[in-house]
Amino acid sequence: MLENDSSENKKVSRRDLLKGLSTVPILGVFAYDYWKKKSFEKIKDKAVHLNLGLSKDSPKVISNNNEKSLGDVIKIGIIGVGGRGVALLKAAGFVDPSEFNSLSKKAKSGDESAKSRIASYQNQTLLNVQIIGICDVFDMRAEKAITIASNGIQPNGEPINLKNVKRYLRYQDLLANSEIDAVIIATPDFHHAQMTIDAVYSGKHVYCEKAMTLTEDELNKVYETVKNSKIVFQLGHQNSKNETFKKAKEIIDKNLLGKVTLIETTTNRNSKEGAWIRHLDSNGKPKPGSPKTIDWDQWLGNTPKIPFSMERYYGWARWFAYDTGLAGQLFSHEVDALNQIMGFGIPKSVTSSGGIYFFKEDRDMPDTFQSVLEFPDRQFTMLYSASLANSRSRGRVFMGHDASMEVGGDLKLIANDDSTQFKDKISNGIIDPSKPFYTFPEISKLKIDGVTSATEKYYAERGLIDTNVDGKNIDITHLHVKEWIDVIRNGGKTGCDIEKAFIDTVSVLMVHKSYVENRKVEWDPINKKII
């Protein structure tokens, strides 16, 4: 930012700046602003943004919860109602009544975190959907989800009051219900592919959480099945709804960074939960669940038969039988975000490495991991690194000849000292290369305060929870679900349709395959396969 410059260090005077702006049609607005507020730095800041064609203004797209504009009710079944499944119920407009009342009580007593969470939820649009089917192998989770779907509190504060919500133990039985229009799939990753295929064959629209598949064979089957159907598909990559990411794309499109040759992105966190050791609660006691309350055979599906394991039930992402590890869990968000911003497609080659250097319990997932993705056609490299034993936070950094852009919960542009594009602005003092010359938006302290766990804080800092629309924080998963519902009703394309899901998933599988096989892998665009 430029507002902290000392006046004696400025290389440009008020007269010089106003003279320089004399060809700008809205000079009168700036001049008025200057004389009214006596704010030279504000004028200078606006001058920079005007010349870049950028603004800090938030978009104004939130619609009111107008009953007349909601459309026909869409009936949904949800498969998998663990933590992410409950988050998706909230995104669809249903919150556990006891949790909502507890949060409201805290908010009234002045708890800022509770106020933030309540406000974000109330900013959601009513979607006019009903959750009429619940499928989960764990009795406790299914019963909680039935309570949410039957008596959950909506964003307008009213209870849903829906009777006869049905619980299913087998997802095939839920799909057989002809009253269900669409399904949300939020199970562990190893179930996603077959459930999506079966849902499409049942004629249901599909919202599937990432990662979409664990293998190339699964990916090709899901792709062909969805592509040859008329259903509306959305992969749970909600990044596309973050206004900061949209602004980053605008900056790339305007070539404000110059030629970008290197992108660096990291996903670091430093807790047992963040390393998927999740079968114990915060007091070290076992979490609920037993062979009597969890249908273990249903949970295992087509994976190798093993005895009941609470560690695997809660921490399944640690084993490659159930997931692609860090590639599917964290890298998938990164490649989706960067692809949204840069539109680079599938890498030519990937080299991954890493190891289990900190957490020594049973696991396949490394706790230290890195990948190099090469894009020779676009002439840039992407570096990804992850640590589960260090929580140093850093946004995604795009490094161009003229400037660098860091994108996380907010966005910063910093010019290079030897930039060609900004040479004149640097020499006359309008841009100071030691400071960001553009930010969007100012990160909300209230937003960060509104999360409670280290894992939630991690996701907030990566821009994966809330975005700011019209000055209001709103859950980007809600916006992603809303888009899926809107397209089901009105037609159009979803933000992460099967084509984009295919591209992101190929990158995920290349990163994982390179690590597992300890070799460089390449993409064969002719035969569409990893070699």
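The dialogue below treats helix contacts, then a pocket, then the backbone.

User: What kind of model is this, and how are its residues numbered?

Analyst: This is a predicted model, in which local features need pLDDT of at least 70, side-chain atom pairs count only at pLDDT 80 or more, and totals for chains, interfaces and linings use all residues. Residues are numbered from 1 along each chain as its sequence is written, and side-chain values use heavy atoms, with hydrogens and water left out.

User: At what angle do α5 and α6 pack?

Analyst: Helices (H or I, at least four residues) and strands (E, at least two) are DSSP runs numbered from the N terminus. Axes are lines fitted to C-alpha atoms, for helices over the stretch in contact, and angles run from 0 to 180 degrees between N-to-C directions. Here α5 (residues 97–108) and α6 (residues 112–122) pack at about 125 degrees, their axes being 8 Å apart. The pair is therefore oblique; angles under 35 degrees count as roughly parallel, over 145 as roughly antiparallel, 65 to 115 as roughly perpendicular and the rest as oblique.

User: Which residues of α5 and α6 make the contact?

Analyst: Contact means heavy atoms within 4.5 Å. Phe-100, Leu-103, Ser-104, Lys-106 and Ala-107 of α5 meet Ala-114, Lys-115, Arg-117, Ile-118 and Tyr-121 of α6. By class, these residues are 6 nonpolar, 1 polar and 3 charged (Ala, Val, Leu, Ile, Met, Phe, Trp, Tyr, Cys and Pro count as nonpolar, Asp, Glu, Lys and Arg as charged, and the others, Gly among them, as polar).

User: How are α4 and α18 arranged, roughly parallel or roughly perpendicular?

Analyst: Helix α4 (residues 83–92) packs on α18 (residues 476–490) at about 70 degrees, with the axes 8 Å apart, so α4 is roughly perpendicular to α18. On the α4 side the contact has Arg-84, Leu-88, Ala-91 and Ala-92, and on the α18 side Thr-477, His-478 and Val-481.

User: Which elements line the second largest pocket?

Analyst: Rolling a probe the size of a water molecule over the atoms shows where empty space is left. On a 1 Å grid over the protein atoms alone, a pocket is an open set of points where a 1.4 Å probe fits, with protein on both sides within 12 Å along at least five of seven lines; lining residues have an atom within 4 Å of a point. The second largest pocket has 17 lining residues, and closest to its centre are Asp-336, Asn-339, Gln-340, Gly-495 and Lys-500. Helices α11 (243–253), α14 (326–342) and α19 (498–517) each give two or more residues to the lining, which comprises 3 nonpolar, 7 polar and 7 charged residues by class.

User: How do α11 and α14 cross?

Analyst: Their axes come within 8 Å and cross at roughly 45 degrees, which means that α11 is oblique to α14. Phe-245, Ala-248, Lys-249 and Ile-252 of α11 meet Ala-337, Gln-340, Ile-341 and Met-342 of α14.

User: Where is a cis peptide bond found?

Analyst: Most residues other than glycine have a negative phi, and most peptide bonds are trans. A cis bond joins Lys-210 and Ala-211, with omega about -10 degrees; Ala-211 is in the loop between β5 (205–208) and α10 (216–227). Asn-255, a residue other than glycine, has a positive phi near 60 degrees and lies in the loop between α11 and β7 (260–268).
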